[in-house]
Amino acid sequence: MANHCSYCDTRRPTPTPEYPDGTKLMIVQGEWYEFCESCGNDPQYSFISSVTGEKATMAEVLADLESAVNVSLEGES
Ligand SMILES: [Zn+2]
């Protein structure tokens, strides 16, 4: 993984307990999103649901995806 946040353009962001690789990666409708913890929680980069119109940060969208499909991301055991 490049460990490069696409939003704040930080390479190798400092790992955190929630983001041990520095960034997280998710795929939504074929688009790849890589983001660090601060961008993942930044409302500026929220997704808006086309169904409900609700806003969700990338971290929230990713959490929903993980719980919906119940899979482990690469690197997690
Ligand atoms: Zn970032």
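Visitor: Where is Gln29 found in the chain?
Guide: This is a predicted model, in which local features need pLDDT of at least 70 and side-chain atom pairs count only at pLDDT 80 or more, while totals for chains, interfaces and linings use all residues. Residues are numbered from 1 along each chain as its sequence is written. Strands (E, at least two residues) and helices (H or I, at least four) are DSSP runs numbered from the N terminus. On that basis, Gln29 is located in the loop between β1 and β2.

Visitor: Does Gln29 count as buried or exposed?
Guide: A residue is buried if 20 or more other C-beta atoms, placed from the backbone, lie within 10 Å of its own, partly exposed in between, and exposed if 12 or fewer do so. Gln29 has 4 C-beta neighbours inside 10 Å and therefore counts as exposed.

Visitor: What is the phi of Gln29?
Guide: Gln29 belongs to the hairpin of β1 and β2, which has two residues between the strands. Although Gln29 is a residue other than glycine, its phi is positive, with a value near 50°.

Visitor: How many bridges join β1 to strand β2?
Guide: Two strands pair if DSSP finds at least two bridges between them. Strand β1 covers residues 23–28, and strand β2 covers residues 31–36. The two run antiparallel, and the number of bridges joining them is six.

Visitor: Which residue in β2 stands opposite Thr23?
Guide: Two facing positions can be named in this pair of strands. Met26 faces Tyr33 in β2. Thr23, in turn, faces Cys36.

Visitor: Which residues does Cys5 touch, not counting residues up to four places away in sequence?
Guide: Cys5 lies in the segment before β1 and is buried because 22 other C-beta atoms are within 10 Å. Its C-alpha atom is 8.5 Å from that of Gly22, 17 residues apart in sequence. Two residues are in contact if their C-beta atoms, placed from the backbone, lie within 7 Å. Leaving out residues up to four places away, the contacts of Cys5 are Thr10, Pro13, Thr23, Glu34, Phe35, Cys36 and Cys39.

Visitor: What separates the C-alpha atoms of Arg11 and Cys36?
Guide: Arg11 also lies in the segment before β1, and it counts as exposed because it has 10 C-beta neighbours inside 10 Å. Beyond four places in sequence, Arg11 touches Asn3 and His4. Arg11 and Cys36 are 25 residues apart along the chain, and their C-alpha atoms are separated by 9.5 Å.

Visitor: What does Arg12 count as, with 13 C-beta neighbours inside 10 Å?
Guide: Arg12 is in the segment before β1. Arg12 is not a glycine, yet it has a positive phi of about 50°. With its 13 C-beta neighbours inside 10 Å, Arg12 counts as partly exposed.

Visitor: In what order do the elements of the chain run from the N terminus on?
Guide: The chain has 77 residues, of which 13% count as buried. Among contacts with a separation of 6 or more, 31% come from residues 24 or more positions apart. The chain contains two helices and four strands. From the N terminus on, their order is β-β-α-β-β-α.
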